Amino acid sequence: PKPLMAGKKGIILGVANDKSIAWGIAKAASDAGAELAFTYQGEALERRVRPLAESVGSKFVLPCDVTDEASMDSVFETLNGAWGSLDFMVHAIAFSDKDELKGQYLQTTRSNFLRTMDISCYSLTALAQRAAPLMKDGGSIITLTYYGAERVMPHYNVMGVAKAALEASVRYLAADMGPSGIRVNAISAGPIKTLAASGIGDFRYILKWNELNSPLRRNVTIDEVGGAGLYFLSDLSSGVTGEVHHVDSGYHTVGMVAVDQADA
Ligand code: NAD
């Protein structure tokens, strides 16, 4: 049988290193036959991203900072020139000042609120605007979110507010782009130890808590998020858009874990 992603071309934004969730999704898409372009933010990360991209045969490793309109324009101009079309986009980008990823949400500053919203939420819309004209035969866009959008999680603070807005953006973009055959979905991943996650206060405790209290009694891997990513990027999910899909060992379904189960 034809590989699931044969003939499909996509862009992956948000690989920082081989621990990145975006890398888990990239590997799954590449293994299934997709052709990939990667972006990196800043020269320090280029040194990490380039060898990873080359290991999956990617010809495009482009700089992109989502706070810079010209840098986003340039990425899509390059892809338009080289490919002329695009089938999918993975948005795995978030940022907040780590001084505000601890303590109380109440203390959030205006400047960090705006910066967090800009990089972690608006960037999906800014990138979707540029991807849409290239997705001539339809397409699939995914982003990454977290349960802190739905419920209060300690230390997640302004990032939880940004993820709530991101999830709402997924629904509005799905409505706008659906008539063009472009689907927009989010994967709500359980906690995973990555560069971005290391900025969140008490992250090791959050990992342990999820391990002890989720139905599967363990944390998820970037390869498991990659599997769900492959589903959303491929035609397997052709009837699905505007969805927020949890890959979190079932943590979001639990009200309270029975004590004997938690101890088992
Ligand atoms: P990561 O550090 O590997 O990836 C974050 C990426 O965001 C990096 O590649 C970084 O370069 C990029 N980025 C930040 N600011 C940028 C900017 N201005 N322009 C362009 N890129 C920028 O960490 P990750 O955990 O893989 O994060 C990927 C996504 O997954 C994020 O949206 C994150 O919120 C989300 N997520 C993470 C977890 C987790 O526990 N790790 C759980 C749920 C959701």
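This is a short chat about the predicted model shown above.

User: What kind of model is this, and how are residues numbered?
Analyst: The model is predicted; local features need pLDDT of at least 70, side-chain atom pairs count only at pLDDT 80 or more, and totals for chains, interfaces and linings use all residues. Numbering starts from 1 along each chain as its sequence is written.

User: How many helices and strands?
Analyst: There are 8 helices and 7 strands. Helices (H or I, at least four residues) and strands (E, at least two) are DSSP runs, numbered from the N terminus.

User: What is the radius of gyration, and why does it agree with a compact globule?
Analyst: The protein has 18 Å, which agrees because a compact globule of 264 residues would be near 18 Å. The radius is taken over C-alpha atoms, and the globule rule is 2.2 Å times the number of residues to the power 0.38.

User: How much is buried?
Analyst: Buried residues are 45% of the 264. Buried takes 20 or more other C-beta atoms within 10 Å of a residue's own, exposed 12 or fewer, and partly exposed is in between, with C-beta atoms placed from the backbone.

User: Switching to helix packing. How do H4 and H5 sit?
Analyst: The axes of H4 (residues 110-131) and H5 (residues 157-177) come within 9 Å and cross at roughly 20 degrees. Axes are lines fitted to C-alpha atoms, for helices over the stretch in contact, and angles run from 0 to 180 degrees between N-to-C directions. The two helices are therefore roughly parallel. Angles under 35 degrees count as roughly parallel, over 145 as roughly antiparallel, 65 to 115 as roughly perpendicular and the rest as oblique.

User: What residues make up that contact, by class?
Analyst: The contact of H4 with H5 has 12 nonpolar, 5 polar and no charged residues. Nonpolar means Ala, Val, Leu, Ile, Met, Phe, Trp, Tyr, Cys and Pro; charged means Asp, Glu, Lys and Arg; the others, Gly among them, are polar.

User: And H1 against H7?
Analyst: The axes of H1 (residues 21-31) and H7 (residues 222-233) come within 7 Å and cross at roughly 55 degrees. That makes H1 oblique to H7. The residues of this contact are 9 nonpolar, 4 polar and 2 charged.

User: Where is leucine 62, and what does leucine 62 touch?
Analyst: Leucine 62 lies in strand E3 (residues 60-63). Leaving aside neighbours within four places in sequence, leucine 62 is in contact with Ala37, Thr39, Val75 and Thr78. Contact means C-beta atoms, placed from the backbone, within 7 Å.

Notes
Contact = placed C-beta atoms within 7 Å.
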